[in-house]
Amino acid sequence: MIMFHRLACITFLTLLLMGSDAFAADPYPTRPVHWIVPFPAGGATDVVARIMAQWLSQRLGQSVVIENKSGAAGNLGIQAVVVSPPDGYTLLFVPTSSTINAALYQNLPYNFQRDIAPIAGLVTTPGVMEVNAAFPAKTLAEFIAYAKANPGRINMATPGTGTIVHLAAEMLMAETGIKMTHVPYRGGAPALVDLMAGQVQVFFDVVPGSLPHIQSGQVRALAVTSSTRWPALPDVPAMAETIPGVEANVWFGVGAPRGTPTEIIARLEREILAGLADPPIRARLADVGAAPLPLGTAAFQAHIAAETAKWAKVVREAGLKAE
């Protein structure tokens, strides 16, 4: 019995000397990870998220489950992540609007840069200005002429107030003097349905959400909002070709609640960047009109800070407020 107790003590002391890792919980993750996309299913964010969720599920050895929580330009989904336990089992699909909302909304219940821990950048893509296939304008110049002849009679759809493509539309109106009636939707998918049905005449979307419908001829793309033409739509002019200076690129990334352990952040960063370097994943992203944005945690944090400052200036100058 004495010998047994001595062996037990020796074993216990040995474990203490080995450090806390000997008593650590099982390696992350041990159960499904929930990835909140703050827009409806079927939209551009959802397309990219599901491509990357499949990759992460394989790399992590656990399911990465997409949860669509839409509303208020992404605020509802972001808030859901902010109040989640910082344990790595709730992630945020970070939209560009997260850097716009601080200026657009006066009383947000969170501070994005304080309350969300950046993990990595994912993809970037331009916005695309598209019209119903029956709309008379075939080019951006023709659209501007039509809008000037019909002030206020064009219903302009966006995936939501304060989204990057909404700001692109506001920049277009400011530069050309045209007037359109803004019709914000809760995501791109329902807006696209109404565009094809003729309920709205023009829609500012992100390329991944509308690319199949543009390619099939169901809608007509007039311009992309990047400074140059986009590989997925090589025949569609850049808006800057007609209106110099109008540029608004969309981007997405991954975040987690503040306080998420650094080792979990590092693991997710590593797997995401590996995915963005994987040729089959890059090909799938290209197929939906997106290009990798391989920013690690520190670079993504700097990107968020720079974008927040940039779009705050645009919101102030345009006098925009959340509807």
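**Reading the chain as a whole**

Guide: Of the 323 residues in the protein chain, 52% are buried. Buried means under 20% relative accessible area, exposed over 50%, and partly exposed in between, with a 1.4 Å probe and protein chains only. The model is a predicted one, in which local features need pLDDT of at least 70 and side-chain atom pairs count only at pLDDT 80 or more, while totals for chains, interfaces and linings use all residues. Residues are numbered from 1 along each chain as its sequence is written, and side-chain values use heavy atoms, with hydrogens and water left out.

Visitor: How many helices and strands does the secondary structure of the protein chain hold?

Guide: Helices (H or I, at least four residues) and strands (E, at least two) are DSSP runs, numbered from the N terminus. In this protein chain there are 13 helices and ten strands. The C-alpha trace spans about 100 × 40 × 30 Å along its principal axes.

Visitor: What share of the contacts with a separation of 6 or more comes from residues 24 or more positions apart?

Guide: Contact means heavy atoms within 4.5 Å. Here, residues 24 or more positions apart account for 78% of the contacts with a separation of 6 or more. W35 belongs to strand 1 and counts as buried because its relative accessibility is 0%. The C-alpha atoms of P184 and G160, 24 residues apart along the chain, are separated by 4.5 Å. P184 is placed in strand 6 (residues 181-184); its relative accessible area is 33%, so P184 is partly exposed.

**Helix 3**

Visitor: Why is helix 3 described as largely enclosed by the rest of the structure?

Guide: The general idea is to count the buried residues of an element. Helix 3 (residues 75-82) has eight residues, and six of them are buried, so the helix is largely enclosed by the rest of the structure. The buried residues are N75, G77, I78, A80, V81 and V82. They pack against several elements, among them strand 1 (33-37), strand 3 (90-95), helix 4 (101-104) and strand 9 (249-257).

**Charged residues**

Visitor: How many salt bridges does the structure hold?

Guide: A salt bridge is a side-chain nitrogen of Lys or Arg within 4 Å of a carboxyl oxygen of Asp or Glu. The structure holds eight salt bridges. One of them joins R31 and D87, whose closest N and O atoms are 3.4 Å apart. This pair links distant parts of the chain, 56 residues apart: R31 is in the loop between helix 1 and strand 1, and D87 is in the loop between helix 3 and strand 3. R31 is partly exposed at 40% relative accessibility, and D87 is partly exposed at 24%.

Visitor: What separates R267 and E271 within helix 11?

Guide: R267 and E271 are four residues apart in helix 11 (residues 262-277), which means that about one helical turn separates them. Their salt bridge brings the closest N and O atoms to 3.1 Å. E271 is buried, with 7% relative accessibility. Salt bridges that share partners join R59, R267 and E271 into one network.

Visitor: Which side chain of opposite charge is nearest to R220?

Guide: For charge, Lys and Arg count as positive and Asp and Glu as negative, while His and the chain ends are not counted. R220, in strand 8 (residues 219-224), is buried yet has no salt bridge; the nearest side chain of opposite charge is E142, 7.1 Å away. The side chain of R220 reaches the backbone oxygen of A137 at 2.8 Å, a polar contact (a pair of N or O atoms within 3.5 Å; within protein, one must be able to donate a hydrogen and the other to accept it, and residues adjacent in sequence count only if both atoms are side-chain atoms). Leaving aside neighbours within four places in sequence, R220 has contacts including M129, E130, F135 and K138.

**A peptide bond**

Visitor: Which peptide bond is cis?

Guide: The bond from Y28 to P29 is cis, with omega near -10°. P29 is found in the loop between helix 1 (2-18) and strand 1.
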